[in-house]
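Subject: Handing over the structure

Hi,

Here is the structure I promised to pass on to you. Have a look at it first, and then read on for what turned up.

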Amino acid sequence: MLSQIETFLVENLGPFGPLMAVGMLGVLLILLTLPILLQQRQDPLDKLNQVAKREEGPAAERLRSGKQNKDKLEKYSNFLEPQDAEEYSAVRLKLLQAGYRDKSSVRIYHFMQFALGIIFLIGGIAFAIYKSTTGEVETPKLMLYAMGPGIVGYMLPKYWVTRRQTARQEAIINAFPDSLDMMLVCVEAGQSMDQAILRVSSELKSGFPELAEEYELVSHEMKAGKDKTQVLRDMSERCGVPDIASFVTVLIQSQQFGTSVAEALRVYAGEMRDKRIMRAEEKANKLPTKMTLATMMLTVPPLLIILIGPSIYEISTILGGGALG
C-alpha cells in the first residue's frame, strides 16, 4: 500500500512528491488545530464586566487590571483543559503528586504538550527535507523522520511529570519514618496533633522539603477550619504513598474510637522503622546480583585476553609462517 502511494506521488509530483505530501499533511494538521485553539465563546460574565466598567470610574479599572491579566491566561482553557471531569481529575492528581499545585498547572501541562509537539514536528519536517536532499529516502522513513519528533515532543512533558512524581514519592517515603519519630516526641511532650504537625514541618524543611510542604499544608488547612479527616485524606491523595495512606487511616481510626494518638504513633513509627530496615536489606541483597554482570563484563574479557591472547598469537604466527613456507 505504501509503495503504491509512493509510486503515485513520484509519478504525479516528481521525486520530491512523498516529502511534499508529508509536509502538506503537517501543515494541514496545524491549520485544523489553530481554529479550535483560537475559537472562544464569549462568557456572559465578560458582558457584565464590560457594563460595570462603563458605570465605574478609573480607580476600579486599575483594581481589576491584575484580574484581567490573569483572565488572559484562561482564554484558551476550553482547548487546553480536558472537558471530561474524570480525565481532568486524573491529570490534576498526577500534577499534585509531582509537586505542581498551581491552579493553572493542567493548562500549562497540556500547552507544553501541544507546543513541544508542534515545534518538534516542524523540526522533524525540516530534517526530513534535509535527508531527502542528500539522497533517496523511502516514504516510511520520511514519515518517521517527520512524525517521530512530534510524537516525542508531545510525550516529553508526560515523561517529565512522571519522573518528578516518582522522585517526590521516593523522597517522601525516605523521610516518613523520621517524621513519625519527631511527631511522637512532640505528642508525648504534651503538644496537640496540630502543633506537632506544624513543628515537624518546620524541622523537616532543611532535609526533606517535600514532606515538610505536605505537613505545612495540612497545618494551614486545619487552622482554616477544614475538617481534620478530610484534610488527612487529601494529604494521602497528594502524596500517593501507601505508607502515608496507612498512617492517615490510623489517625482517623484513633480519632473516631477515642484511643491514644501517642500509642498509635509509637506502634506505627516502630513498623515504619522496621520497614525502612527491610528496604535497606533488600537493596543490599540486590547489590551482589547487580555487580555480577558488571564484574563479568569488566573482568572476564581482559582476563581471557591475558590468558589466551599469547597462545592465539603464537598459533597464528606458526600457521602464517607454515602457509608462507
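Before anything else, a word on how elements are named: helices (H or I, at least four residues) and strands (E, at least two) are DSSP runs, numbered from the N terminus. Please keep in mind that this is a predicted model, in which local features need pLDDT of at least 70, side-chain atom pairs count only at pLDDT 80 or more, and totals for chains, interfaces and linings use all residues. Residues are numbered from 1 along each chain as its sequence is written, and side-chain values use heavy atoms, with hydrogens and water left out.

The overall picture

The chain has 14 helices and zero strands. Reading along the sequence gives α-α-α-α-α-α-α-α-α-α-α-α-α-α. Of its 325 residues, 29% are buried; buried means under 20% relative accessible area, exposed means over 50%, and partly exposed is in between (1.4 Å probe, protein chains only). The chain exposes about 21400 Å², with carbon and sulfur atoms supplying 64% of that area. Those areas come from the Shrake-Rupley method with a 1.4 Å probe, and for residues only the protein chains shown count as cover.

Contact here means heavy atoms within 4.5 Å. Take the contacts between residues at least 6 apart in sequence: 62% of them join residues at least 24 apart.

Around helix α7

Let's start with α7 (residues 85-97) and α8 (residues 105-134), whose axes come within 10 Å and cross at roughly 95 degrees. Axes are lines fitted to C-alpha atoms, for helices over the stretch in contact, and angles run from 0 to 180 degrees between N-to-C directions. The two helices, α7 and α8, are therefore roughly perpendicular to each other. For the cut-offs, angles under 35 degrees count as roughly parallel, over 145 as roughly antiparallel, 65 to 115 as roughly perpendicular and the rest as oblique.

Which residues meet there? On the α7 side they are Y88, V91, R92 and L95, and on the α8 side S105, V106, Y109 and H110. By class, the residues of this α7 and α8 contact are five nonpolar, two polar and one charged. In this scheme Ala, Val, Leu, Ile, Met, Phe, Trp, Tyr, Cys and Pro count as nonpolar, Asp, Glu, Lys and Arg as charged, and the others, Gly among them, as polar.

Helix α7 also packs on α9, at an angle of about 50 degrees and with the axes 8 Å apart. That makes α7 oblique to α9. Here K94, L95, L96 and Q97 of α7 touch V161, T162, Q165, R168 and Q169 of α9. The contact of α7 with α9 has three nonpolar, four polar and two charged residues.

A167 has its place in helix α9 too, and is partly exposed at 44% relative accessible area.

Salt bridges

Side chains of opposite charge can pair when their charged atoms come close. A salt bridge is counted when a side-chain nitrogen of Lys or Arg is within 4 Å of a carboxyl oxygen of Asp or Glu. The count by this rule is 16 salt bridges.

One of them joins R266 and E188, with the closest N and O atoms 2.1 Å apart. This pair links distant parts of the chain, since R266 sits in helix α14 (residues 261-324) and E188 in helix α9 (residues 139-188), 78 residues apart. R266 is partly exposed at 36% relative accessibility, and E188 is partly exposed at 46%.

Another pairs R199 with E203, at 3.1 Å between the closest N and O atoms. Both R199 and E203 lie in helix α10 (residues 193-204), four residues apart, or about one turn of the helix. R199 is partly exposed at 42%, as is E203 at 41%.

K205 and E216 also meet through their side chains (3.7 Å, N to O). K205 lies in the loop between α10 and α11 (209-223) and E216 in helix α11, so the pair ties together parts eleven residues apart in sequence. Salt bridges that share partners also join R101, R168, E213, E214, E221 and R238 into one network.

One last residue

Neighbours within four places in sequence aside, S254 is in contact with T259, S260 and V261.

Cheers
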